[in-house]
Structure formats: C-alpha cells, structure tokens
Amino acid sequence: MQEWLSLVAMIWLQSVAGTNANFPAYSSQLKQILSISQVQLNNLAFASDAGKLLGWLSGLAAVHLPLWLVLLIGTLLGLVGYGVQYLFLAGKVASLSYPAMFLLSALAGNSICWINTVCYVVAIRNFPLHHQVVVGLTTSYQGLSTSVYTDIVDAAFNQGGGMARAQAYLLLSSVLPMATSLVTAPFVRDINAGSLGAGRNSHGGFRILFVITIATGLYAVVSSMGSVSGWLPALNNAMGMGIFLAIPAVVPLAKGLKHFVALTRKREHDVASVEENGEHGRDKSGLKPEAHRQVGDQEEEDIVIAPCEEMATDIGVREELGARDMVRRVEFWLYFFVYLLGATLGLVFLNNLGQIAESRGCSKTSSLVALSSSFGFFGRLIPSLFDCLLARSKYMVARPASIAGLMAPMVGAYFLLLSPAIVALYVSTAVIGVCTGAIASIAVATTTELFGTKNFSVNHNIVVANIPIGSFVFGYVAALLYRRRTAGGGGEKCMGMECYNTTFVIWGCLCFLGTILALVLYARTRRFYSKRIERVEAN
C-alpha cells in the first residue's frame, strides 16, 4: 500500500510542477510593466529553461539528502523565484531590474528539476519492475498543470482583468507547489518494497490508474473548450478537476483494505488451526504461519503477469556508455538534434503562444494555453500506455521511428498556422502539444536504450541541455522577425498574420529536417531494435 501512496503523491506533485508552462499567461503583462522588447521577453522564457542547465544539482542532492528534504528545497526555490515576481507585478516591490527578473526566472525554472528528480527516484526505487510505466503515468500529469492553474484562476479571479490574472498565475506558481510538497513529503520516500519489485500483481492497479488518468485528461480537454467552459461555472469546473485529481487515492486505499481483509482472514485461519489441531504455530498443512503467508503470496504470484510486467523483465540496452564516450557517438548527435528540432521546437512554440495568439487577435489566450497543456498531458501518457499494451506484440515500434512518426504531423501543424483561421491556431496548438509531450516521454526510454542505465542521470541531462539552447536560439530568431514586422520597433506590439508567418515557415522546415534525422537515427539503430523486439517476443 505504501508504494501506491508514493505513486499518488507523485501524481499530485507532477500536476502542479509544470509552472514554466504558465509563462504565456502572464508574459504580455511582464512585457508591458518592464517596458521590454519582444527579444528581451523571449530571453525571460529562455531563462526559465536555462535553469535546467543546473538540474544536476538536484541529482547530487538526491544521493546525499533525504528525498523529502530535496523536494522541499526545490519548492522553496520556486517559492522565491515566482513569489518575488508576483510581488513585483502586484506593486509590493518598488522596482526590479531586468537582470534580477532573468535570475528569478532561472531560479523558478530550476525548481522544476528538483521535483522531477524526486519523482523519478521514487518511481525507480518503489516500482523497479514498472518504473517506465510509472514515470510515463505520473509525468503525464505535468502536462495537465496549466489546465489546473487555469481552472483555479478562472474560479478565484474570474472578475479580474489581465493584470489581476497574471498576478494570480504567479502567486499560484509560487504557493501551490510548496503546499503540495508539504502534504506529500511523508510519502515520497524509498519503501524498500523488495529486490524483485513492488507488487508483481499490480497490473490491476495500473489499469485503474490508466482509466482514471484518461478520464481526467478528457475532462481537462472538454472543460478547456470555450463553449463548454462558458456553460459550466468556473467554480464547478475547478471543483471537478480537484475531484479527478483526488480519485487516484482510491487505489492505495483499496490495496490497503485488501491487505487488511487478507490479514484478518489469515489470523482467523491460524486461530482455528491452533484450536482444532492443538498445534501452536502450525495450521492444517503443517506449515508455520510465516510459511502460510508465503504460500498465500505464491498463489498471488501465479496470477498471469500483465504485459507491462513482462516488458519490465526485459529492458534491452544497446551499449553502456559514460558521458565522454556518448558524445563521441554519431547516434548521440543525431538524437540530440532530433530532440532539438522536435520537442524543444514545440516548447518554443508553446512559450510564444501568448504573443502568437495576441498578434492574431485571439483574446482567449488562457483557453489556448489550457488546451496545449491538456493535449500535452495525453502526449506524455500515450507512450507508456502503448508500452504496456504492446510490450509482447510484434507491433512494437522502435523509439526513433516513433519520434519520426510524431514529428511528421508537427511539420504540418507549423505550416497550417499560415492560415488566418482561428480554428487553424487551435488545431495546430493541439497537434504540437500532444506530439511534444509524447516525444519528451519517449526520450527517457530512448536515452536508456541507446546509451545504457548506469549513467542515465548524467547522460539524459546532457541530452536535455538542448532545451535551453534551442529555447534561446529559436526564441531569439522569432523575436527578431517579430520586431522587424513591428511598425515602431522597440516594445510596441505587432498585429497581424505577418508577425509570425516567416517564423512558422522556418519552424516547419526545421521540424522536417528533424524528421529526416530521426529516420537516419532509426536506420543506424534498426538492427538493435529488431533484435530487441525478437527477444521480447521469444520470451
């Protein structure tokens, strides 16, 4: 039961951890009050991603400090980073220089790394047989974060203007993760469930959680639609989301109740055996109570193992590489640029979504941000669900091929943005959101399979270092093109399709190049994945 409580704690933490995705909801107000240009605003978005460059600090802390303390340190960084920005926007701080705002954004962005590190470590230690499924399941809720924040802001600040809503997003981004960490800190710990893995028969619990998670995502998508959100009162909408987030707690409660009933029956059986046979400590079968428990456990072990458990018993690795050897491989650089031109480029689009919507005359920026968050949620969830369902199937797809298949629709989405129709903006946002989330989820397993598990924490941090690099380069180019289209230059706004049309063409071409590179990576690793699939099918 305790490992399932830790899983629910991870879900709650991840549901409030995606605070950097809230940036489009208050970026326009920051630009206005700071009197900065679009280039400087994009640099602030880059600062949030630049915090990931120091993400390795959280990994070191997790090795030497208790996980609950690591969690509290991370949320404290977020409390300071977002809290001071809120005080400035609310007029509680007289003045705040642009460099100070840059450092605060980087500090806030780094806080997310600490929360993610704690969740990854808890997943691996408490669910060694299912850590890939658990990581995919829990991190999918991070794609739901913006929808959670938007629901709360709509319910509590529905009558406020743009500045009041911007302040609300910053206030919640600073306070909500800290409050959630205080509630979940007792559960984010190593349960020591056993060397063979916590709960070989946990496929039933995972099935229930997948159903709950999918239902939560559907509710988030439907409630983010303008017509539905206008029909459903904002307070009721927020309460509904809260109920969906609380439902996963049913699983550990059910597990605990099942364990209690089984323990009660065992004790009654032992007492009856002692009274009937007069043998102290033995039952009818001549076994000690401890042996009876082991027999009962073995009977549970005989239950057919779900596909996700069979998958966990065979995790193929192409080769074990350290960081120095990894960066010398052609496969690494192919993978690095595939991620850069795929998931990172998608994140840059989402970071600029507020300005893009404003330039097209779309007033429902919050709705767009919530929509991207909801579809990003499904994008992160789907790979782990497919891993579980197709683990023993001949229809398993190699990771690089999956990434190529996800980047192809993103190319179409960027070119679709050249259409002035508002529906094109919504469709493209949904497509880019789901594909970006899926690639980010697949990347964790891809790094493990291509470069090994021993140095995963270092290797994957090197891979995701492309995020701040891409955020700066792509965001800077987009800002320069935006400024060129601005009539007066400086901090003035650009209105019209021409503000981002050239940027969309460039992004579409870059994403197409990334798709080609993903296919090249697949060709170079095809033999490894073919053998891996054959080995899994044979077992």
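Which residues have the most contacts inside the largest nonpolar core? They are Y339, F349, Y414, L425 and W507, in a core of 57 residues. The model is a predicted one. Its protein chain has 24 helices and 0 strands. Of its 539 residues, 52% are buried.

**The chain as a whole**

- The accessible surface of the chain is about 22,900 Å². Carbon and sulfur atoms hold 64% of that surface.

**Nonpolar cores**

- The largest nonpolar core has 57 residues. At least two residues each come from helix 17, helix 18 (353–359), helix 19 (365–389), helix 20 (399–416), helix 21, helix 23 and helix 24.
- Helix 17 gives this core its largest share, 13 residues.
- L425 is among the residues with the most contacts inside the core. Beyond residues up to four places away in sequence, L425 touches L353, I356, A357, R360, C362, L368 and L417.
- There is also a second, separate core, with 42 residues. Its members include F127, V135, L144 and I212.
- In soluble globular proteins, nonpolar side chains tend to be buried together.

- I432 sits in helix 21, which covers residues 422–451.
- I432 counts as buried because its relative accessibility is 0%, and the cut-off for buried is under 20%.
- Neighbours within four places in sequence aside, I432 is in contact with G346, F349, M410, A413 and Y414.
- L406 is 26 residues from I432 in sequence. Their C-alpha atoms are 9.3 Å apart.

**Aromatic pairs**

- The whole structure contains 20 aromatic pairs. In one of them, F349 and W507, the ring centres are 6.5 Å apart and the planes meet at 85°, so the pair is edge-to-face.
- F349 belongs to helix 17 (residues 330–351) and W507 to helix 24 (residues 501–538), so this pair ties together parts 158 residues apart in sequence.
- Both partners are buried: F349 has 0% relative accessibility, and W507 has a relative accessible area of 2%.
- F528 and Y529 make another edge-to-face pair, with 4.8 Å from centre to centre and 65° between the planes. F528 and Y529 are both buried.
- One aromatic cluster is formed by F332, W333, Y335, F336, F337 and F451.

**Helix 2**

- Helix 2 is mostly covered, with 9 of its 12 residues buried. The buried ones are F23, P24, A25, Y26, S27, Q29, L30, K31 and L34.
- S27 lies in this helix, which runs over residues 23–34. S27 has a relative accessible area of 1% and is therefore buried.
- Residues up to four places away not counted, S27 touches L41 and Q355.
- S35 follows helix 2 and has a positive phi, near 55°.

**Salt bridges**

- The structure has 5 salt bridges.
- One of them joins the side chains of R165 and D154, at 2.8 Å from N to O. R165 is in helix 9 (residues 162–184) and D154 in helix 8 (residues 145–156), and the two are 11 residues apart.
- R165 counts as buried at 15% relative accessibility, whereas D154 counts as partly exposed at 21%.
- The side chains of E331 and R524 form another salt bridge, at 3.1 Å from N to O. E331 is in helix 17 and R524 in helix 24, so this bridge ties together parts 193 residues apart in sequence.
- E331 is buried at 7% relative accessibility, while R524 is partly exposed at 43%.
- D325 and R328 also form a salt bridge, with their closest N and O atoms 3.9 Å apart. D325 is partly exposed at 34% relative accessibility, and R328 is exposed at 61%.

**A nonpolar surface patch**

- I469, F472, V473, Y476, V477 and I506 make a nonpolar surface patch of about 460 Å².
- Helix 23 (residues 466–485) supplies the largest share of the patch, 5 residues.
- V473 lies in helix 23. With a relative accessible area of 41%, V473 is partly exposed.

Definitions and conventions:
Residues numbered from 1 in each chain as written. Predicted model: local features only at pLDDT ≥ 70, side-chain atom pairs only at ≥ 80, totals over all residues. Heavy atoms only, no water. Helix = DSSP H or I, 4+ residues; strand = E, 2+ residues; numbered from the N terminus. Buried < 20%, exposed > 50% of the residue type's maximum accessible area, 1.4 Å probe, protein only. Contact = heavy atoms within 4.5 Å. Phe/Tyr/Trp six-rings, centres within 6.5 Å; stacked < 30°, edge-to-face > 60°. Areas by Shrake-Rupley, 256 points an atom, 1.4 Å probe, with all protein chains shown as cover. Patch = residues over 30% accessible without salt bridge, like charges linked within 9 Å, V, L, I, M, F, W, Y side chains within 5 Å. Salt bridge = Lys/Arg side-chain N within 4 Å of Asp/Glu carboxyl O. Core = buried A, V, L, I, M, F, W, Y, C linked by side-chain atoms within 4.5 Å.
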